[in-house]
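Hi,

Here is the structure I said I would pass on.

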Amino acid sequence: MDRKNYLTLLFFILIKLTTIEELTKKIVEFRDERDWKKYHTPKNLSLSIAIELAELFELFQWKTDEEIFNELASEQYKNNLSDELADVAIYLLALSEILGINLEEAIINKLQKNKKKYPK
Ligand SMILES: [Mg+2]
């Protein structure tokens, strides 16, 4: 990788880090304003991810992939999908925060492991 590409990649990684950090801050702020930290245990947050995933699955239930892609033309359907994806992501970030795991670093590390495990 040449210097220009390296700096571009570094720039995008820094932008992403800031975004994930900012999102996590907003989630923590929302949680703490409602005094919900006591409910945000690793088990409860893991279950919440699974529950929100089930809500996402429900939007795909009995549909073929083609039907799902066609239905994306419906703003309502796309909004529903968007909401469920956001719910999953919110609980994932909340879980990462409570466990003290930097999700950005974890993803980068896991991608590196996957590259070694599944070479081109
Ligand atoms: Mg939901």
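A quick definition before anything else: a helix here is a DSSP run of H or I with at least four residues, and helices are numbered from the N terminus. With that in hand, L92 sits in helix 4. Please keep in mind that this is a predicted model.

Let me start with helix 4 itself. It covers residues 75-99, which is 25 residues. From first C-alpha to last, helix 4 reaches 36 Å, close to the 36 Å expected at 1.5 Å a residue. Its buried residues include I90, Y91, L93, A94 and L95. What about L92, buried or partly exposed? L92 counts as partly exposed, because it has 17 C-beta neighbours inside 10 Å, while being buried takes 20 or more. Just after helix 4 comes G100, with a positive phi of about 70°.

Next, the partner of helix 4 that I looked at, helix 2 (residues 42-60). How do the two run relative to each other? Their axes come within 9 Å and cross at roughly 165°. That angle is over 145 degrees, so helix 2 is roughly antiparallel to helix 4. The crossing of helix 2 past helix 4 is left-handed.

On the helix 2 side, the residues that meet helix 4 include P42, L45, I49, L53, L56 and L59. On the helix 4 side, L81, L85, V88, Y91, L95 and L99 are among them, and so is L92. Sorted by type, the residues of this contact come to 15 nonpolar, three polar and four charged. Among the charged ones you can pick out E52 and E55 in helix 2, with E84 and D87 in helix 4.

D35 is in the loop between helix 1 (3-33) and helix 2, and it has a positive phi of about 55° although it is not a glycine. D35 counts as exposed because it has 8 C-beta neighbours inside 10 Å. W62 lies in the loop between helix 2 and helix 3 (65-71). Its phi is also positive, near 70°, and W62 is a residue other than glycine. With 6 C-beta neighbours inside 10 Å, W62 counts as exposed.

Cheers

Methods: Residues are numbered from 1 along each chain as its sequence is written. This is a predicted model: local features need pLDDT of at least 70, side-chain atom pairs count only at pLDDT 80 or more; totals for chains, interfaces and linings use all residues. The expected span of a helix is 1.5 Å times one less than its number of residues. A residue is buried if 20 or more other C-beta atoms lie within 10 Å of its own, exposed if 12 or fewer, and partly exposed in between; C-beta atoms are placed from the backbone. Axes are lines fitted to C-alpha atoms, for helices over the stretch in contact, and angles run from 0 to 180 degrees between N-to-C directions. Angles under 35 degrees count as roughly parallel, over 145 as roughly antiparallel, 65 to 115 as roughly perpendicular and the rest as oblique. A crossing is left-handed if the near helix is turned anticlockwise from the far one by less than a right angle, and right-handed if clockwise. Two residues are in contact if their C-beta atoms, placed from the backbone, lie within 7 Å.
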